[in-house]
Every structure is written in C-alpha cells, then in structure tokens.
Amino acid sequence: MTIELDLPRLDLDPYSQEFLSDPYPYYEELREAGPVVWLNRYGHYAVGRHAETKIVLENWETFGSTRGFGLNDPDRDVPLVEAPEFEPIREIPGMCTESMQRLYAAVRPDPPEHDPIRQMFMKMLAPGLIRGWRERILERADQLVQDLVARGGFDAAVELSDHFVLNVIGDIVGLREEGRENMLLYGDMAMNTSGPRNETYIHSIAGAADSVEWVGEACRREAIAPGGIGELVFESVDRGEIPDEAMGEVFVRLFPTAAVDTTSSTITNAIHNLATHPDQWRLLRENANLARNAFQETMRLTQAIHPLYRTTNHESVLSGCPVAGGAKMMMLLGSANRDPRVFEDPNRFDIRRDASAQLGFGSGIHSCAGQSLARLEGEAVLAALARHAATIALDGEPSRRVHNTLHTWARLPVFVTAA
C-alpha cells in the first residue's frame, strides 16, 4: 500500500536483527521524527510517543482490531496457508485447521461482537477469583525460588520464569501436567504471527507442530481438570454463552496463547534488570513490598511485547497529522514507555518510580484481561527472590530470544548467594 501524505518517512525495519537486539536508539529516532511517521519498508503508519499510542489503543472506532493485531491483514493479504512461504511446512498436521483460524478470529472483534467475549473473560479473570489462587501462586514461587537459590546458579529464563508461568497457567486453566512445555512453543508461534512472514515466523510454526496437537488435545472438555478456568469456559458453553463445544476449546486455547510467553518474558526481563542494577536489587532486598513496583517498572523500561497493530477504519487526524483509512498503524509500546514527555529520566531503572502510566498491558477495551494475574505472578517471583537470595549477578553472557514480537532473553544464567 502506498499513501502519499505529508509525514516523516523512515527506512527503519522494526524486524531487523539490529533493531530487535537493541531497539532503544531506534525508538528515540522514531519519537523525535514526529507524532506519526510512515515506515517505508512495510508501507504503514507508526507511532512511538506515549500520547499518540494511548489514543490509538483507546479509540477503537478509528483504529480497529478486526483486521488483526499484527502486521498481516486478513482482509488484504494472501492467507498464510496459501502463501509461498508456507510451502515447506504445508503438510505438517494441525497447521491448516479451521480451529486455528477460529482462534485468531476470536481475539479480533471490536464492539459489539467484542463485548460478550470481553465480559466472559473479565468474569473468569476477575480480581476476586485471582485472589483465590494467590496463596497457591505465592507458595509455588517461594518453593521454586528456594530450590534454585540452593543450587547457587541457574538459568533464570528457562528454569525460573518459564517453569513457573507454565505451571501457574496450567494449574489455573486445568491442563494436564505432562507436556506443559508445549505451551511455550505454541505461544511462541502465536506471538510470532504478529510479524512479517520471515524466517523467524516460519521457523516458529515448524517448531510448534507437535505442540499444536498437544494443546488441541489438552484443551478438550474431557481433558480439563475441575476447578479451573477451563471448566468455567465449558460451563459457559452449556449455558449457551459460547456457541458450541469447538468454540469453547478455542477459548481455552487462548490462555496458553496469550498468558504464558508475555508474562514469562517480563519476569525474565525483571530478573535481568535487577541482576544488572545492584542498587535496585538492594532496594528490593530491603523492602520486598517493592516487588510489584519492580515488575511494573520492568514493563515500562524493557517492554516484552515489541509491536502491536491496529487498522485505520477511516480517514482521520492524529495529533495534527492526516491519516488515511484502510492502513495499518504500528504502535511500539516499548518506545511509548520510554517517552521523556511522560517519564522523567526514562532510560533509568528505578523500582521506586510510579510507572502506572506504562502501556505494556494496553489500554481501552482491548487491554489485557489477565493483567492482575500477570502482576501477581511477577510479584510472587521477585518477592521470593528478595527473600531467599542475598546477591544476584549474571553468570556469563545471556542470549537474546530470536522473535518478531517478544523482546526478551532465551537464556539468562545467574549466580546467587543464599540469604
């Protein structure tokens, strides 16, 4: 798509390895170029400042989600299963199923179709229900951290963040214990679909072939353990709030799709921040009640979700800039969260900061329905670390996760001394 408008035009590639490995200089370039810019490589708009990002997130009438939260446009682009890039993996079982298409379609509606879905998930993830899981989550975090700290060194990404979140989500949804690691590969694939159909995208789909089958089986009614959110979903099917059994399975699959990688990545980023900022680690050790603040500040400083998209429903003006209808609008949340117009000394990690204005959970009708659970998980792990570890430091060079959407670490070796 080519739209001739009087806007700053940048040649930035938000999916290049240079950008993904260190996006912060590019974020600054984007913010300083103007409130709205045009990215030549992909032919769409982009916003990197806090004010404009918040407007786009909250104004669904102008910036809609029905054409997807990612770069690809289901109304305009060739379906993935028909695309030439898909050819090498076309025969993998489960990759071209109707249920996967229904899964992606389920999260895109704007009002009025959006409202009953949102209400259902808000009811299932209500703070009161999450509080019912609080003690079990805190106990699980405390025991896991205590065991890892006793070893002296561990991989904080794999052995702590991933392991913890997988089991919390597995328990809350009611998924069987054997094979829960499949949720990581499944979520990796789902999150990668927000980006271009590049090598990273296709590799993640190929790597998730077995996981697609596991998640499909684990999310069926007969496989779901009683007492969890999965059971609540199928009770909604029985009451007619969800149209059929197959759609119920789709909604159960939304939890391993959206609730694992994002939270795990943020916890990993928080541990990296604390390990590389000894002064902030000391503050947390002195006051473990700052754990939730540390998680929130991590979302602001090192936002895990890289880009998020909307599509312009009609012509409009955003902060004095003309915007045409029918075009993708990229929001770089990590850039908005470091906007000096909102956050003083924005590149500094400070767990005492009021970071409540950060946009990592989104804003408006499509904001994260599970954010209270994510905050609880982050608080549980960081507070447990503060109790059981006297010191924490990197134990070798961490390795970046190669991903179109998530900005985090694949491996984060740390060395700790017990308190």
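Me: Two strands pair if DSSP finds at least two bridges between them. In this predicted model, which residue of β13 stands opposite Asp 155?

Reply: Pro 413 in β13 stands opposite Asp 155. Now take the strands themselves. β5 and strand β13 (residues 413-418) are joined by 3 bridges and run antiparallel. Phe 154 also has a bridge partner in β13, namely Val 414.

Me: What is the order of the strands in the sheet, and how do they pair?

Reply: Read the order from the pairings. Here it is β5-β13-β10, in an open sheet of 3 strands with antiparallel pairing. β5 (153-155) and β10 (389-394) each have a single partner strand, so they stand at the edges, with one side of each left without a neighbour in the sheet. Ignoring direction, neighbouring strands are turned by 30° against each other on average.

Me: How many bridges pair β10 with β13?

Reply: There are 5, in the antiparallel sense. One point to find in the model is Thr 391, which stands opposite Thr 417 in β13.

Me: Which strands does α13 lie across?

Reply: α13 lies across β10 and β13. It runs at about 95° to β10. Helix α17 (residues 371-388) also packs on the sheet, and it touches β10 and β13. The direction of α17 makes about 110° with that of β10.

Me: Next, helix pairs. At what angle do the axes of α7 and α13 cross?

Reply: Look at two things, the approach of the axes and the angle. The axes of helix α7 (residues 156-173) and helix α13 (residues 261-275) come within 9 Å and cross at roughly 140°. α7 and α13 are therefore oblique to each other. The crossing of α7 past α13 is right-handed.

Me: Which residues of α7 and α13 meet?

Reply: On the α7 side, they include Ala 156, Leu 160, Phe 164 and Val 165. On the α13 side, they include Thr 263, Ile 267 and Ile 271.

Me: Take a second pair. How far apart are the axes of α8 and α10?

Reply: The axes of helix α8 (residues 182-192) and helix α10 (residues 209-218) are 8 Å apart, and the packing angle is about 110°. Angles of 65 to 115 degrees count as roughly perpendicular, so α8 is roughly perpendicular to α10. α8 passes α10 in a left-handed crossing. Among the residues that meet are Leu 185, Tyr 186 and Met 189 in α8, with Val 212, Trp 214 and Val 215 in α10.

Me: Now a strand on its own. Are the faces of β3 covered or open?

Reply: Start with the general idea. In a regular strand the side chains alternate between the two faces of the sheet. In strand β3 (residues 44-47), both faces are covered. His 44 and Ala 46 are on one side, Tyr 45 and Val 47 on the other, and all are buried.

Me: Which strands pair with β3?

Reply: One is strand β2 (residues 37-39), joined to β3 by 3 bridges and running antiparallel. Leu 39 has His 44 as its bridge partner. β2 and β3 form a hairpin with 4 residues between them. In that turn, Gly 43 has a positive phi of about 65°. Strand β9 (residues 328-332) also pairs with β3, in the parallel sense over 3 bridges. Tyr 45 stands opposite Met 329 in β9.

Me: How many disulfides does the structure hold?

Reply: A disulfide is a covalent bond between the sulfur atoms of two cysteines. This structure holds 0. Cys 219 is in no disulfide, and its nearest cysteine sulfur, that of Cys 368, is 18 Å away. The cut-off is 2.5 Å. Cys 368 is likewise in no disulfide.

Me: Are Cys 219 and Cys 368 buried or partly exposed?

Reply: Cys 219 is buried, at a relative accessible area of 0%. Cys 368 is partly exposed, at 31% relative accessibility.

Me: Last, a loop. Where is Asn 347, and which residues does it contact beyond its sequence neighbours?

Reply: Asn 347 is in the loop between α16 (333-336) and α17. Its relative accessible area is 54%. Exposed means over 50%, so Asn 347 is exposed. Leaving aside neighbours within four places in sequence, Asn 347 is in contact with Leu 301 and Arg 338. Arg 400 is 53 residues from Asn 347 along the chain, and their C-alpha atoms are separated by 20 Å.

Note on methods: Residues numbered from 1 in each chain as written. Predicted model: local features only at pLDDT ≥ 70, side-chain atom pairs only at ≥ 80, totals over all residues. Heavy atoms only, no water. Buried < 20%, exposed > 50% of the residue type's maximum accessible area, 1.4 Å probe, protein only. Helix = DSSP H or I, 4+ residues; strand = E, 2+ residues; numbered from the N terminus. Axes fitted to C-alpha atoms, helices over the stretch in contact; angles between N-to-C directions. Parallel < 35°, antiparallel > 145°, perpendicular 65-115°, else oblique. Left-handed = near helix turned anticlockwise from the far one by under 90°. Contact = heavy atoms within 4.5 Å.
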